[in-house]
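Visitor: I have a model open in my viewer and would like to learn how to read its features. Could you walk me through a few of them?

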Amino acid sequence: MIASVLLHVDVLSSLIPSPAFAGVVVTDCGACHEDATCSSSQGANEEIVTCSCKAGFVGDGVDCYNRAACDSDGLCCHSGYQWSSERGCVDVDECSSSEENPAVGCTSPLVCENIPGSYDCKYEENNSNSSSDNRSKRSVHPSSNQNSVLFSCGGVACPAGQDCLTVNGTEQCLDPCQDYSRLDDAWRATDFNGGSIRCDRNLNWQGWYRLFLGNASVQMPERCVDQNMCGTSAPLWLNTPHPALSDGIVQSRVCGSWNSGCCQYPSNPIHVRACPGNYFVYKFVDPTTCHMAYCADVNTAVCETCREDETCVSEDKVNWRCERRGPELVCGRIFLQVGLDRAVLEAGGLDVSSAHLADFRCTEHQENNGTVWFHVEHREGRCGTQLRTNATHATYSNTLFVYPVTVGNRSFYAPESFPFSCSYPLDSQTSLDVAIRPYLEEAKVVGLGPRARVAMSLYRNANYTDPYSAGPVVLPLGTALHVGVSVEQDDLDGFAVILEECYATPSADPEDPERFTLIQNRCPSNRRLVNIEPSGPSLPGRFTTLLSLFTGEYDDVFLHCSLSMCDHRQVTCSQRCLSRVARSITARKLQTIGPITCKPQLRVSGVILPGGQPANG
C-alpha cells in the first residue's frame, strides 16, 4: 500500500508546478490560460508541453491570477482554497491541526483525509493487528471495498452511503442516489471524436452527477480510452472497479490516457456511489490539468435494461450484459457473512424477517445500504455450520433459508435456500491479507478466506511452557533451541500443525541463497542436530535443534519455517517424512525468528528477538 501511494504521488508531482514555477505539464498549448505562455521541450519519448503564468500573474499556468488584484480583495479563490501571493489559489488542508483549519467533523473512530478543495472522514484501514473492536465494527457493515468513505455534517457523521449536501443554504445528510444532477453532454461518449476540445477544469462542480447519453443512463468506463476521444485530449476513465451497493460511497482513482500510456495523467480521485436500479452517481472534481474530461461509456447503456434482481457485468469492460444478482459473500477471519438485496427478495415475494441459517434459531441480521447481512462464526456446529477438509483447504458451509410472504391462512411454505461456503487455506505460503473474490458455483456462493495467523517462538525448556520474552537472548554455542510454531486462531480445534520445511540463513531474507536445511519434506535433515516433536491432535508444531555455526561463520543466523495444517478428525496426521520432492519454499510466506548471533567466546551466541532482555548464559 505504501509503495503504491508513493508511486501515485511521484507521478502526480510531474503535473504540479515546482516552487520555481517552471510550468505545469498539459496536453497542448490550447490548455494554457490566456495570461500564460506555452513552451515545449523534447522528452525521452515525446514532446513535453508546459504552461507558465506571465509576469504579474501567479498560478500553475492553466489557472493564472492577477497578483495585485487578488492581493487587494482576496476573493479570487473557490471554497476550499486560499489565496497565496506566491502560488495563487492553493488547497486548504482541512486535516491540519492548526486552529485555522480544524477538521471538527472527523471524530473518533473516523480519521481525516485531505482532498482538493475539501476533506473526507474515513475509517482507518484494518490490518492484521486490528483490535477485536475494529473487527466487530466491520462485521456490522460488511464491504468488499477498503476505500468506503463516511461524510460528516456539523460534526456528526452521516449514515453510510450519504453525503453532506447543501439545500437552500442548509447542510444536511442526503443520499446522492436521490439528490444528483444530470450530466448528459453527447460529446462525453467513448465513441465521440471531433469538435471542440473540452476540459472539465474550473467547472465549479457541485454535488453529485449521473451520466446520460441521450435518455440512456450510462457509467464511466473502467478501461483505457484512446486519446482524443470523449471530446477532449486525455479522456478520464475509472481506474478502479465501480462499487457494489453494500460499499456505500467509495473513493476511486481516475486516469487520463495520453501518448505515453493509459494513466499518463493521474487525476484527482472522485467519489462514486452504486444505486438501486443499476446506476451510479459520481462526485466529480476538477482534473489536475487540461485538456482532460470525464468519459461516458456508450457500451454501458444496456445496464439500464437490467431488472431489479439483475446486475450489469463485463469481463473485458467493453461488452456488458445483465446477469441475475446472487448473494454477496464475505469470508472473514472470524465470520462468514452473506448479504441479500432486500429489494430483490421483496420483488421475489420473500419475507426478509423469516430468514434463518441451517439452525432455525440463528436469525440475527443487520441491514446496510439495502443489503441484509447474516453472519456466523466459521466454527463447526455454529448455527449448523459444517466443516470439510482436504489436503489444502478447510471449507465451512451453511445455508440461508428465506420463506415466502404469508398469504391468507396458509402457514406452510417451502423456503428459498441460499447455500454458501468459505474455503480457508491450510498452509502459510502467502500473505495473510488475501483478497476476497467470491464467485458462484453450482448454485452455491463460494468464497476464499484469509490464511490463519501463525507465530514462531523460542522456548527455554523442552516442555515448551516458558517462552523467551521479546529481545536479545544470550546463550552458549551448543544450546538446545526449542522452537514452537503455532496458529493464533481459536476456531481451529482439531487441527495439527505439520512442519513442511525449516532452514537457517545468515540474514532475515528467507530467499537468501546461503542456507542450512533443518527440516525438508517434513523430515529432519540431520537427526543428530534436529528432533521434531510429534504434534498429535494439538495445534503447535515443535522441534529442537542445537545452536551451531550453521553457515560456518560466527554471523547472525535466522530460522525460517513453512507449515500446513491437518484435520486429524478426517485423516491421520503425522510428521512423517515424505518421499516426494517438495515445492520450492522461496515462493512461500515463511515464519521467521532471529537473528541468532554466534561469537567465539565462552558466551558466544544470541537469539535476537525484538525488544527484550538477555537471558543468563
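Visitor: Which residues do ring pairs link into a cluster?

Guide: First, a word on the model. It is predicted, so local features need pLDDT of at least 70 and side-chain atom pairs count only at pLDDT 80 or more, while totals for chains, interfaces and linings use all residues. Residues are numbered from 1 along each chain as its sequence is written, and side-chain values use heavy atoms, with hydrogens and water left out. Now the rings: those of Phe, Tyr and Trp (its six-membered ring) pair if their centres lie within 6.5 Å; planes under 30 degrees apart count as stacked, over 60 as edge-to-face and the rest as tilted. Here the cluster joins Trp205, Tyr209, Tyr282, Phe284 and Tyr294. The structure holds 10 aromatic pairs. One of them, Tyr282 with Phe284, is stacked, at 5.4 Å centre to centre and 10° between the planes.

Visitor: Are Tyr282 and Phe284 buried or exposed?

Guide: Buried means under 20% relative accessible area, exposed over 50%, and partly exposed in between (1.4 Å probe, protein chains only). Both Tyr282 and Phe284 are buried.

Visitor: Where is Cys303 placed?

Guide: Helices (H or I, at least four residues) and strands (E, at least two) are DSSP runs, numbered from the N terminus. Cys303 sits in the loop between β22 (292-294) and β23 (310-313). With 2% relative accessibility, Cys303 counts as buried. Its C-alpha lies 6.9 Å from that of Arg321, a residue 18 positions away in sequence.

Visitor: In what order do the strands of the sheet with β25 and β28 at its edges come?

Guide: Strands of a sheet pair through backbone hydrogen bonds, either parallel or antiparallel. The working rule is that two strands pair if DSSP finds at least two bridges between them. In this case four strands form an open, antiparallel sheet in the order β25-β26-β29-β28. β25 (328-331) and β28 (365-368) each have a single partner strand, so one side of each is left without a neighbour in the sheet. Neighbouring strands are turned by 25° against each other on average, direction ignored; for such angles, axes are lines fitted to C-alpha atoms, for helices over the stretch in contact, and angles run from 0 to 180 degrees between N-to-C directions.

Visitor: Which residue is the bridge partner of Leu329 in β26?

Guide: That is Val338. Leu329 belongs to β25, which pairs with β26 (residues 335-341) over four bridges. Leu329 is at 4% relative accessibility and therefore counts as buried.

Visitor: How many bridges join β37 to β42?

Guide: Six bridges join β37 (residues 480-487) to β42 (residues 541-546), and the two run antiparallel. Val485 stands opposite Gly541 in β42. These strands belong to an open sheet in the order β35-β37-β42-β41.

Visitor: What volume does the second largest pocket have?

Guide: On a 1 Å grid over the protein atoms alone, a pocket is an open set of points where a 1.4 Å probe fits, with protein on both sides within 12 Å along at least five of seven lines; lining residues have an atom within 4 Å of a point. Grid points are joined across faces, edges and corners, and a volume is the space filled by probe spheres set on the points. The second largest pocket comes to about 1,200 Å³. Of its 41 lining residues, the closest to the centre are Ser79, Gly117, Ser118, Gln206 and Lys283. The largest share of the lining, five residues, comes from β13.
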